[in-house]
Amino acid sequence: MELSKNVMAPLDLLTERYPVLSGCRESILGAYEILEKCYASGGKLLVAGNGGSAADAEHIVGELMKSFVLPRKLPAEYGKCLCNVDAELGEILQNNLQGAMPAIALDGHLSLSTAYMNDCEPLLCFAQQVNGYGAAGDVFMGISTSGNSKNVMFAAVTARAKGMPVVGLTGEKESKLSAFADVCIRVPGTETYQIQELHLPVYHCLCLMLEERFFGAD
C-alpha cells in the first residue's frame, strides 16, 4: 500500500521523537493497513486490555470517535438530513457533531461484564463481547504487556473465528499474542510500566495516521 506523505508524517515523527521505536516501524505500518481497510469498508474496531491496558483501550476509542487533531466536519448532505428532521435541533447537531471512526473498548459495560463473569466464565468476558459485537471485516486489537493475558487471547480466538483480523500490542518478548496476531507491535521493554509508556505514542501514531487518511485535506 502506497501512503501519502501526510499519512506517513506521524510515523516519521514518531521514530524521530522515539528512536527506540524504529524497529516497530513495519509492524505499525502493518497495523495501520489493517485498520485502514477496516474503516474504508465500514467496519469497526474492538479493543481490550487489563489494568493500564484497559485505560489505553479507552484512550484509543476517545481519539478515534471524535476529533483528535483535525476538524471532522459532517458531510453537508448529512447536515441537511439532520435539519430536515428538526430545524432547531438539527442545526445544533450539524454544527457540533464530528466524524467518527467506530471503536468500542471492551473493558466497560459494567452490567454486562459483571453479569457474564458471575453467571458464566470470567475469562471469557471479552470473548463474549467480540462474539456479540464483532463481524467479518471488523478488527480486534488486544493490548497485553506480557502478550499472554488469557482473556485477551480468548477474545482473539473468537475474533479470528468470526473473520476479524487481530492486531496485538505487546512488549518485546515472544508471546501467545505475538504468534497468533495478524500483526503484533512489540515495543522494546520487558517491565510493564516501560512497555505501557511506549504503547501510548504508538497508538497515538496510528490514530493520527487514520485521522489524516479519513479526515485530512487529501
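Predicted model: local features only at pLDDT ≥ 70, side-chain atom pairs only at ≥ 80, totals over all residues.
Reader: Which way do the residues of strand E1 point, and are they buried or exposed?

Author: In a regular strand the side chains alternate between the two faces of the sheet. Strand E1, residues 45-48, can be read in this manner, with Leu45 and Val47 pointing one way and Leu46 and Ala48 the other way, while all of them are buried.

Reader: Which strands pair with E1, and in what sense?

Author: E1 pairs in the parallel sense with strand E2, residues 103-105, over 3 bridges, and it is joined by 4 bridges to strand E3, residues 139-143, which also runs parallel to E1. As for individual partners, Val47 has Ala105 as its bridge partner in E2, whereas the bridge partner of Leu46 in E3 is Phe140.

Reader: Which members of the largest nonpolar core touch the most other members?

Author: In this core of 41 residues, they are Ile28, Leu45, Val47, Ile60, Leu64, Met141 and Ile185, and the element that gives the most to the core is helix H10, residues 192-215, with 9 residues. Another core, of 16 residues, lies apart from it and has Phe140, Ala156, Met164 and Cys184 among its members.

Reader: What does Met141 touch, if residues up to four places away in sequence are not counted?

Author: Met141 touches Leu45, Leu46, Val47 and Ala48, and also Leu35, Ile60, Val167 and Leu206.

Notes
Residues numbered from 1 in each chain as written. Heavy atoms only, no water. Buried < 20%, exposed > 50% of the residue type's maximum accessible area, 1.4 Å probe, protein only. Helix = DSSP H or I, 4+ residues; strand = E, 2+ residues; numbered from the N terminus. Pairing = 2+ DSSP bridges. Core = buried A, V, L, I, M, F, W, Y, C linked by side-chain atoms within 4.5 Å. Contact = heavy atoms within 4.5 Å.
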